[in-house]
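Subject: A structure for you to look through

Dear colleague,

My notes on what was found in it follow directly after.

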Amino acid sequence: MIEVVLNDRLGKKVRVKCNDDDTIGDLKKLVAAQTGTRSDKIRIQKWYTVYKDHITLKDYEIHDGMGLELYYN
């Protein structure tokens, strides 16, 4: 289990516990459950790289305690 911190730059930080073999789509569903936002309206990125839903966290080299950016479409 790893913990990922997502910051939406509006004052909200979301901490999500997930497995490293989960996909970005799975991570979006976990974030949606905590924030109350629909998962298809969430975009996760780091700098200018927008993460795709079908790729795993391990493939993107997302580790425990890593911070990502959370945007609402």
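**Overall picture**

The accessible surface of the protein chain amounts to about 4,700 Å², and 48% of that surface belongs to carbon and sulfur atoms; such areas come from the Shrake-Rupley method with a 1.4 Å probe, and for residues only the protein chains shown count as cover. Please keep in mind that this is a predicted model, in which local features need pLDDT of at least 70 and side-chain atom pairs count only at pLDDT 80 or more, while totals for chains, interfaces and linings use all residues. Residues are numbered from 1 along each chain as its sequence is written, and side-chain values use heavy atoms, with hydrogens and water left out.

The protein chain holds 1 helix and 5 strands, and these follow the pattern β-β-α-β-β-β when read along the sequence. Here helices (H or I, at least four residues) and strands (E, at least two) are DSSP runs, numbered from the N terminus. The C-alpha trace spans about 25 × 25 × 20 Å along its principal axes. The radius of gyration of the protein chain is 11 Å, which agrees with the value near 11 Å that a compact globule of 73 residues would have; this radius is taken over C-alpha atoms, and the globule rule is 2.2 Å times the number of residues to the power 0.38.

Of the 73 residues, 38% count as buried, where buried means under 20% relative accessible area, exposed means over 50%, and partly exposed lies in between (1.4 Å probe, protein chains only). Among contacts (heavy atoms within 4.5 Å) between residues at least 6 apart in sequence, 52% join residues at least 24 apart.

Val 31 lies in helix H1 and is buried, with a relative accessible area of 0%. Not counting residues up to four places away in sequence, Val 31 touches Leu 6, Val 16, Ile 42 and Leu 70. Thr 35 lies in helix H1 too, and it counts as buried because its relative accessibility is 19%. The side chain of Thr 35 reaches the backbone nitrogen of Thr 37 at 3.4 Å, which is a polar contact, that is, a pair of N or O atoms within 3.5 Å; within protein, one atom must be able to donate a hydrogen and the other to accept it, and residues adjacent in sequence count only if both atoms are side-chain atoms. Apart from residues up to four places away in sequence, Thr 35 touches Lys 12 and Val 14.

Asp 40 is found in the loop between helix H1 (24–35) and S3, where it counts as exposed at 51% relative accessibility. The side chains of Asp 40 and Arg 38 are joined by a polar contact of 3.0 Å.

**The loop between S4 and S5**

Asp 64 has its place in the loop between S4 and S5 and counts as exposed, at 54% relative accessibility. Once neighbours within four places in sequence are left aside, Asp 64 is in contact with Ile 2 and Glu 3, and its side chain reaches the backbone nitrogen of Glu 3 at 2.7 Å. Although Asp 64 and Lys 17 are 47 residues apart along the chain, their C-alpha atoms are separated by 9.1 Å; between Val 31 and Asp 64, 33 residues apart in sequence, the C-alpha to C-alpha distance is 16 Å.

Glu 61 also sits in the loop between S4 and S5, and it counts as exposed at 56% relative accessibility. Its phi is near 60°, a positive value in a residue other than glycine. Most residues other than glycine have a negative phi.

Glu 69 belongs to strand S5 (residues 67–72) and counts as buried, since its relative accessibility is 12%. A polar contact of 3.1 Å links the side chains of Glu 69 and Tyr 71. With neighbours within four places in sequence set aside, the residues in contact with Glu 69 include Asn 7, Arg 9, Arg 43 and Trp 47. Trp 47 is placed in the loop between strand S3 (42–46) and strand S4 (49–50), counts as exposed at 64% relative accessibility, and has a positive phi, near 55°.

With kind regards
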